[in-house]
Amino acid sequence: MAEKKSASARTRLAHGGRKIQCGGGRAVNPPVVRASTILFEDVDKLLEMHSRRVDSSFVSYGRNGTETTFSLEQAFAELEGGDGCVAVGSGLAAITVALLSQIKQGDHLLISDSVYFPTRKLCDGMLQRFGVETTYYDPGVGSGIADLIRPNTRVIFLESPGSITFEIQDVPAITAVARARGITTIIDNTWATPLFFQPLAHGVDISVHAGTKYVVGHSDAMLGLIVAKEEHHEALRLQAQELGYGIGPDDAWLGLRGLRTLGVRLDQHQRNALEVAQWLTERPEVARVLHPGLPDHPGHAIWKRDFQGASGLFGVELRPTPSNGVAALLNGLEYFGLGYSWGGYESLAIPTFPEKLRTAVPWQAEGPMLRLHVGLEDPADLIADLEAGFQRMSESRTLE
Ligand SMILES: Cc1ncc(COP(=O)(O)O)c(C=O)c1O
């Protein structure tokens with residue numbers, strides 16, 4: 001069946017990136033193509049392929065990808081409405097490539113104060129050492145971003161919702177200001193995936209993803225994806241190649257395989273997470289649930305205006321409790337694993353400390369913070385697991 005450009009995202013998930021020939025036909029899911037050295041018929045062909053290194057449909061050396069990588073890139077670019085996608089080895093590598101492709105010594109960056117912490121470390125570490133200055137801005141700034149722009153501001157970096165604290169940004173307001181000034185915008189769209197938010201359609205220039213999370217979806221591979229229109233795609237491809245950031249075909253294949261079920265998994269993550277989040281709002285131990293899909297979330301109206309859904313990750317602010325109370329809650333959990341990352345099929349929980357990270361706007365909370373990833377388990381079991389945790393938390397207080 002011919003692929004139609006106008007097909008819905010869910011249809012594209014099933015049909016995208018399937019152009020590889022296989023035994024005279026086409027495999028339903030593209031096979032893993034392994035290669036480092038590629039041999040060519042003659043010198044002319046060898047030199048031609050080498051000169052076309054930006055074009056992802058040609059393989060000249062394995063580090064720049066094989067057909068498996070290109071299939072994933074093609075499927076993901078199409079899904080997010082970009083002209084191209086570059087796959088790299090992790091979400092942080094995607095952020096690094098996107099930033100480095102745009103900046104030079106002496107430039108200035110505007111980065112949301114709610115950004116994923118390693119993005120901040122990159123800016124305050126390597127980028128600062130190489131002469132790039134960063135200002136962190138209030139994620140709620142909206143069109144007020146205009147007041148922070150300097151003559152040498154090159155990039156505005158967004159993440160919505162913010163890591164750990166889940167503020168929703170007014171993306172169209174910020175991109176309108178950036179476009180008028182010729183400043184590149186980059187967004188970390190990992191939480192929403194292209195199914196729940198389309199950055200390029202909201203004026204963003206470059207969208208980055210930790211494919212490690214929902215795209216791979218099974219917590220067993222690292223992956224970064226960078227999507228842009230033609231205008232930025234070549235610079236991104238060349239930047240990734242300069243850094244030698246190619247990915248192995250097995251990880252590309254796991255990304256492609258994950259994409260096929262992204263829609264059904266996300267729908268279930270959304271339902272389960274909302275059920276758990278709503279239950280948490282009624283608990284006496286909880287001060288606030290930071291989930292943009294809840295009507296009392298400060299970013300709910302913008303989320304409703306711009307997003308098509310919410311994934312499974314959100315924050316919880318507890319009422320004041322001694323630190324051994326948090327440990328008592330988390331330590332005995334049966335279904336929520338204690339581990340970093342998220343986006344896989346399983347539930348996870350970690351304590352978070354946003355007050356230690358913020359520099360633009362101090363984080364105000366009455367008690368300790370948690371981040372929960374709600375997986376594909378039965379939400380009734382997850383709720384019972386948390387309920388038992390609250391019981392342990394209350395018992396730990398009486399033991400003091
Ligand atoms: C929002 C966000 N962006 C980027 C990353 C980095 O992804 P990776 O772990 O694949 O480098 C993470 C990882 O937790 C993340 O939460």
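In what order do the 7 strands of the open sheet with mixed pairing stand? In this predicted model, the order is β1-β7-β6-β5-β4-β2-β3. Strands β1 (84-88) and β3 (133-137) stand at the edges, and each has a single partner strand, so one side of each is left without a neighbour in the sheet. On average, and with direction ignored, neighbouring strands of this sheet are turned by 20° against each other.

Within this sheet, strand β5, residues 184-188, pairs with strand β6, residues 206-210. The two strands run in the parallel sense and are joined over 3 bridges. Helix α3 (residues 67-79) lies across β1 and β7 (224-228), and runs at about 130° to β1. Helix α5 (residues 117-129) packs on the sheet and touches β2 (108-112) and β3. The direction of α5 makes about 160° with that of β2.

Helix α3 also meets another helix, α9, which spans residues 249-260. The axes of α3 and α9 come within 8 Å and cross at roughly 35°. This crossing is left-handed. On the side of α3, the contact is made by T68, T69, S71, L72 and A75, while α9 contributes P249, A252, W253, G255, L256 and L259. Sorted by class, the residues of this contact comprise 7 nonpolar, 4 polar and no charged residues.

A ligand is present in the model, and the residues around the ligand are S90, G91, L92, Y116, S163, D188, T190, A210, T212, M222, G224 and S341. By class, this shell divides into 4 nonpolar, 7 polar and 1 charged. Some of these residues belong to strands already described. Among them, D188 surrounds the ligand and lies in β5, residues 184-188. A210, also in the shell, lies in β6, residues 206-210. G224 is a further member of the shell and falls in β7 (224-228).

The protein is divided into two parts, domain 1 (9-260) and domain 2 (263-398). Taken over C-alpha atoms, the centres of domain 1 and domain 2 are separated by 28 Å. The contact between them takes 28 residues from domain 1 and 33 residues from domain 2. On the side of domain 1 that touches domain 2, the elements giving two or more residues are α1 (9-15), β3 and α7 (193-196). The largest share of that side, 3 residues, comes from α7. By class, the side of domain 1 that touches domain 2 has 15 nonpolar, 7 polar and 6 charged residues.

Strand β10 runs parallel to strand β11 (residues 348-352), and 2 bridges join them. In this pair, L338 stands opposite A349 in β11.

Terms used
Residues are numbered from 1 along each chain as its sequence is written. This is a predicted model: local features need pLDDT of at least 70, side-chain atom pairs count only at pLDDT 80 or more; totals for chains, interfaces and linings use all residues. Two strands pair if DSSP finds at least two bridges between them. Helices (H or I, at least four residues) and strands (E, at least two) are DSSP runs, numbered from the N terminus. Axes are lines fitted to C-alpha atoms, for helices over the stretch in contact, and angles run from 0 to 180 degrees between N-to-C directions. Two residues are in contact if their C-beta atoms, placed from the backbone, lie within 7 Å. A residue is near a molecule or strand if its C-beta atom, placed from the backbone, lies within 6 Å of it. Ala, Val, Leu, Ile, Met, Phe, Trp, Tyr, Cys and Pro count as nonpolar, Asp, Glu, Lys and Arg as charged, and the others, Gly among them, as polar. Domain bounds come from an automatic or database domain assignment. A crossing is left-handed if the near helix is turned anticlockwise from the far one by less than a right angle, and right-handed if clockwise.
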